[in-house]
Amino acid sequence: KIIFHIDKQIFPLGYLGVDLFFVISGYLITKNIIKSYQNNNFSFIKFYLKRVRRILPALLIVLLFTLIAAVVILLVADLKKLSESIITSLLFVSNFYFWITGGYFSTNDQLKPLLHIWSLSVEEQFYLFFPIFFYFLLKLKKNLNFNLFIIFLVISLSFIINVFFISKGHRDVIFFMFPARVWQFGIGVLIAMLPLLKIKNTLLDFFYLLCAILLIIF
């Protein structure tokens with residue numbers, strides 16, 4: 001991802017770093033919730049506090065040192081824009097802000113030191129909504145096949161949103177907006193749920209393992 005931002009010609013698929021990060025995040029959060037749910041000790045308060053403790057200290061340090069550097073480097077107009085991006089980053093809606101103010105690679109984006117925070121905002125939106133959705137899905141319907149079908153349906157709807165906006169030429173909106181990223185988190189969720197099927201067919205189990213290895217290589 002860093003090499004991609006230095007020179008897109010060297011590593012043109014640098015965008016995949018964010019895509020894969022969302023998939024991995026969906027997988028890890030789902031595994032965490034499933035484990036807590038099966039042990040009957042899942043708590044929304046504990047879940048959200050854990051996210052706050054993990055993310056907020058590092059975020060505040062980044063914002064503080066960025067602001068200190070910006071006071072020295074940036075002009076007043078750009079400093080004002082930075083303050084807006086700091087506020088939206090703290091509220092975890094910076095993806096909306098950066099979408100509205102020019103996209104990802106517009107002409108003045110070199111003067112947006114916090115542009116990369118957009119992905120953290122999308123991540124936090126996932127943390128906010130997914131546990132509630134997933135917990136009540138597990139609670140209300142204990143049929144695993146039904147739950148997998150609902151997850152697959154949500155993934156499909158999100159992917160359709162991507163295809164629709166791409167066909168209309170609106171690429172920035174699907175780059176920044178959470179609904180258009182849901183399918184990536186959803187793939188991770190689906191992979192995390194597959195072991196619950198407890199497949200006893202050795203050949204089928206090997207097939208799933210082979211697919212996973214090929215996806216990693218890809």
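I call a residue buried under 20% relative accessible area, exposed over 50%, and partly exposed in between (1.4 Å probe, protein chains only). This is a predicted model: local features need pLDDT of at least 70, side-chain atom pairs count only at pLDDT 80 or more, and totals for chains, interfaces and linings use all residues. Residues are numbered from 1 along each chain as its sequence is written, and side-chain values use heavy atoms, without hydrogens and water.

I started with Ile-191. Ile-191 sits in helix 9; helices here are DSSP runs (H or I, at least four residues), numbered from the N terminus. Its relative accessible area is 39%, so I log Ile-191 as partly exposed. Ile-191 belongs to a nonpolar surface patch of about 600 Å², together with Leu-16, Leu-20, Ile-24, Tyr-27, Leu-28 and Ile-187. Patch members have over 30% relative accessible area and no salt bridge; nonpolar side chains are joined within 5 Å, like charges within 9 Å. A salt bridge is a Lys or Arg side-chain nitrogen within 4 Å of an Asp or Glu carboxyl oxygen. Helix 2 (16-38) and helix 9 (178-193) each supply at least two residues. Helix 2 gives the largest share, 5 residues.

**Positive patch.** I found Lys-35, Lys-50, Arg-53 and Arg-54 gathered in a surface patch of positive charge. Helix 3 (residues 44-73) contributes the most, 3 residues. Lys-35 is in helix 2. I count Lys-35 as exposed because its relative accessibility is 58%.

**Buried spot.** Asn-147 lies in helix 7 (residues 144-167). At 3% relative accessible area, Asn-147 is buried. Which residues does Asn-147 touch, not counting those up to four places away in sequence? I list Leu-137, Leu-138, Lys-141 and Met-193, with contact meaning heavy atoms within 4.5 Å.

Conventions. Accessible areas come from the Shrake-Rupley method with a 1.4 Å probe; for residues, only the protein chains shown count as cover. Lys and Arg count as positive and Asp and Glu as negative; His and the chain ends are not counted. The place of a charge is taken as NZ of Lys, CZ of Arg, CG of Asp or CD of Glu.
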